[in-house]
Amino acid sequence: MKQGLMFKIINRYILREIVVPFFMILAVLTFVLLMGKILQVMDLMVNKGISFLDIFRLIIFLVPGFLVYTVPISLLIAILIGVGRLSGDNEWTVLRMSGLSLLQLSRPIARVAFAAFLITLATTLFLVPKGNLASRSLLFEIARSGAGVGIHEKIFIDYFKDILLYADRIPAQGDFLEGIFISDNHLGKEANTVIARRASLISDPDRRYITLRLEDGSTHTVDKNLNTYRKADFRFYDMKLEIGAAIAGDEGRRKSSAEMTFPELKRMVNDRSLKDVEIRELLIELNKKLAIPLSCLIFPLLGIPLGMRAHRSVRTRGFIAGVFLVMIYYLLRLIGEGLVESGKIAPFVGVWTPNALFAVAGTLLFFSSAREKTLLNFFSTRKTKE
């Protein structure tokens, strides 16, 4: 058999051992993370009457935000399981004894890691900002339509912040309400009661407002001590409705850092009108867009040598080891980001330190394994040679 064909068969065999568990773990992890959001989304469908199509679109928009984390994690665990299986059945040892170096055996894994890097990079740079923005727009539309759907005649509605709304009649044909009674407490100081003959909901997609336009009514205000009473009649009266923060977020006057693309973040960090806290938040997001994808190229350096340590229960061991490493990695990241937010270290240091530590540890482990030495022996040998 020609050497080139032999390498091709071996590479394909190792590739299958990594790719199959990678997609299985990716699907499971993404689904588990989605479950936390699905419960909130199901509340929209059951209690607010939102259509299944909108719910499906919302889930699709949320997926990229989870893939940023699940792709690197799945890659690391898949390498630990795949290499662990080959090593546990002594296939890895046979391949090494046939003259193949660790670098040669690692080539197919490096290709998978590079593909995962490209996928994660595209997700952080393009899909996550677009997905976050699209989900926010959709949530607003859901909230807007939900405002109409959630109102029923002869029932008090506390759907809107600080407002209790009652409609005596909702005609089957027509986008308006009749016999309106509103208790408005959003000012906090004085209770305000509004009575109107008719009302309709008006949305402003650009400014993301929902306005309740009241017609032919009056406002009644009493101070806290019940000493003064004011009454004002109106022909038209617009009342801004605030949808719950869990549904609509803020009012969309500016994109959040998670909704910005890489060029937008770079432009914003140079905006001198922003506070230091806001600049630090933007710099964290800017660095994360590159640091997280790069972890896909670093994790194999740790995964391959750790997976080579054979054990009978390779899948369980690989999964536990992967989860443990991932926990350490993201714990370091959270600590780093916390220190950056408090202004104690620079954003670059806080975000990139976990990658640097894992890269150093992975490189040492990989090259000591390539020489078939423990880490301690690896350093002892180098010291003796010097």
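**Close-up views of a predicted model**

View 1. An α-helix has 3.6 residues a turn, so residues three or four places apart point the same way.

**View 2. The largest nonpolar core, with 40 residues.** L75, W92 and I304 touch the most other members of this core. At least two core residues come from each of α1 (3-47), α2 (52-88), α3 (91-97), α4 (102-149), α7 (276-307), α8 (314-341) and α9 (347-370). Helix α2 supplies eleven residues, the largest share.

**View 3. Surroundings of L75, a member of the largest nonpolar core.** Apart from neighbours within four places in sequence, L75 is in contact with F22, V112, A113, A116, C296 and P300.

**View 4. A second, separate core of 17 residues.** Its members include I163, A167, I182 and L241.

**View 5. T124 in helix α4.** T124 has a relative accessible area of 4%, which is under 20%, and therefore counts as buried. A polar atom of the T124 side chain lies 3.0 Å from the backbone oxygen of L121. Not counting residues up to four places away in sequence, T124 touches V68, P129, K289 and P293.

Key. Residues are numbered from 1 along each chain as its sequence is written. This is a predicted model: local features need pLDDT of at least 70, side-chain atom pairs count only at pLDDT 80 or more; totals for chains, interfaces and linings use all residues. Side-chain values use heavy atoms; hydrogens and water are left out. A nonpolar core is a set of buried Ala, Val, Leu, Ile, Met, Phe, Trp, Tyr and Cys residues joined through side-chain atoms within 4.5 Å. Buried means under 20% relative accessible area, exposed over 50%, partly exposed in between (1.4 Å probe, protein chains only). Helices (H or I, at least four residues) and strands (E, at least two) are DSSP runs, numbered from the N terminus. Contact means heavy atoms within 4.5 Å. A polar contact is a pair of N or O atoms within 3.5 Å; within protein, one must be able to donate a hydrogen and the other to accept it, and residues adjacent in sequence count only if both atoms are side-chain atoms.
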